[in-house]
Each structure stands twice: as structure tokens, then as C-alpha cells.
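Have the coordinates open as you read.

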Amino acid sequence: MSVVAVANQKGGVGKTTTTVNLAAASAESGRRTLVIDADAQANATSALGAESQGTFLYDALLGQADLGRCVVSTAWPRLDAVPSSMDLVAAEIELASRERREYVLRSALQEVAGRYDLVLIDCGPSLGLMTLNALSASDAVIAPVQCEYLALEGLSALLETIRRVQMQLNPGLHLLGVVATMYDGRTRLSQDVATQLKAHISSTFDTIIPRSIRLSEAPSHQQPILDYAPRSRGAEAYRELTEELLNRLSDLPPSTLYRSGALDGVAR
Ligand code: ATP
Ligand code: MG
């Protein structure tokens, strides 16, 4: 099982869109995939139509339910989700005084270790305790960056946070790459940002996600782009990005975060 956090404290850069569509493409390729919605806005939850049965990520973090009980299946085969709720804001406060408060999500995830090939964590727009939990629970992190003015601003704060997490909380965390999103090839600005990203950050993914109306429409139909517009440019881009991501993951040393395969055979 590989766990990947999708993080950038800048809002609206395409984290949720990237999480949901990477997850769908991973599931399409035959991998058992889980999305953890670690954002109180619950955008990934609604984009996937992940109706909660009454238990949310909050309950797992607060020890009120096993994470496995919070998992719901989606309409997309092999794709499950742990839904979020506004309560998650309170979880940050309630967990703040706990010992090992950065490791709560990692502990909760142990329970499903081996049931999934890939777990993607959709982070909210902050570098607060939930994002630290996501980074502490992950083998790798990817950072979507919007091809817009000031896109690179704030990226250094994210990179610094990742470095701190590597030093203090999770030495095994890899920065898998930065991905350019909402690229509009007609604008000079988009081209400049994409070029600058590649020049400054060597791990930038080759795949660039285009700005596409289809991608922005899909969530309101509670469908991943692969379902909503399977042959669209956006869908193709996310398939390509998924292939790149899975290739890069396969080059990483084996994960030591979770008891690998402990529950193999129990997999559905
Ligand atoms: P937040 O920080 O609030 O969690 P986010 O980083 O998760 O935001 P998204 O919700 O994925 O960002 O995207 C922000 C908005 O941009 C959404 O309305 C989404 O539908 C739209 N969007 C994302 N990617 C694209 C794209 N490639 N083309 C067009 N619209 C997009
Ligand atoms: Mg989001």
C-alpha cells in the first residue's frame, strides 16, 4: 500500500480535482484505491458522491470509530472514500493537546493497511495539524500548482514544511513531484509558470493538466472526469499523470509506515 498526500496550502489550486481524478484513474487501472478527505470543506466527499453512513474521518481521528467503519464505496469500481465533514475543524482543536498528535491519521490508517494498493489524501488549504497528519501518514506528497500569477509564491513554504516533516516526523516522506494545473496554452502567463516550475523544481511532472470546463463540471455530477467525459483532454491528462505517479511510486523504496500485507487476503 502506498499513501500519497495531495497538498498545497494555497487554496483553489486543483488539489481536490487532482485527488479525485488520480484516484479514479488508479482504480480504472485495476488498483484498489482509497481517498481520504482530510479537508473540512468536504469537496472530495461530494465530488465522489461519497454518502457517509454517519461516520466521518473526524470519528476515526477522535477514536470514536475504526477507520474501516468510516469507509464508503463510490459508484466507481474499486474506489472507496473516507468522507469528511465540518467537524474536522474541531478535530484540529481537540487533537492539539494530545501527545503524538501528528500521528493520529497514520495510526488510524493501520487498520486498512493491505486492503488498498493506493491511498490518496486530499488536504485542505492550510499547513495546520490536519495537513501535518497527512504528511506524517504518507510515503509521498504531490503538490498541484496553478498556472497563474503568484503560483510559485507559497510553494517555498510548502517545500519548507515538507522538509521539516522529513526531519522531525516522517523521514520516509518523498516529494514525488509538483504538477502544473489549469494550464491555458493560449496565455503567455500559463506558459511562463509551467516553464518556471520545470526550471526550478526538478521533480515537476511532465504531464500538465489543462484548464478544462469539463473538469470543473464533473464534481457537480458527482463523477470523476473519467466517467463524466472519458475522452476529454482533462481525462487523458489525469490518466497520464496517474501513470507517471505510479511509475514514480514504484521507484521508491518499500514503505515502512504500514504493516504491509498484514491484511492481504481480507481484501474485498
Ligand atoms: P481548496 O484549496 O479550496 O481545497 P483545491 O486546491 O482543492 O481547493 P479544486 O477544488 O480542485 O482546488 O479546484 C478549484 C476550482 O477550480 C474548482 O471549482 C474546480 O472545479 C476548478 N478546477 C480545478 N482544476 C481545473 C481545471 N484543470 N480546469 C478547470 N477548472 C478546474
Ligand atoms: Mg480542495
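Is Glu28 buried, partly exposed or exposed? Glu28 is partly exposed, because its relative accessible area is 35%, where buried means under 20%, exposed over 50% and partly exposed in between (1.4 Å probe, protein chains only).

Some ground rules before we go on. This is a predicted model, so local features need pLDDT of at least 70 and side-chain atom pairs count only at pLDDT 80 or more, while totals for chains, interfaces and linings use all residues. Residues are numbered from 1 along each chain as its sequence is written, chains are lettered from A and ligands numbered from 1 in the order in which they are written, and side-chain values use heavy atoms, with hydrogens and water left out.

Back to Glu28. It forms a salt bridge with Arg239, the closest N and O atoms being 2.9 Å apart; the term stands for a side-chain nitrogen of Lys or Arg within 4 Å of a carboxyl oxygen of Asp or Glu. Arg239 sits in helix 12 (residues 233–251) and Glu28 in helix 1, so this pair ties together parts that are 211 residues apart in sequence. Helices here are DSSP runs (H or I, at least four residues), as are strands (E, at least two), numbered from the N terminus.

Arg239 also forms a salt bridge with Glu236, at 3.2 Å between the closest N and O atoms. These two both lie in helix 12, 3 residues apart, about one turn of the helix.

In total, 18 residues surround ligand 1, the closest being Lys15, Thr16, Thr17, Pro210 and Ser212; a residue is in if one of its heavy atoms lies within 4 Å.
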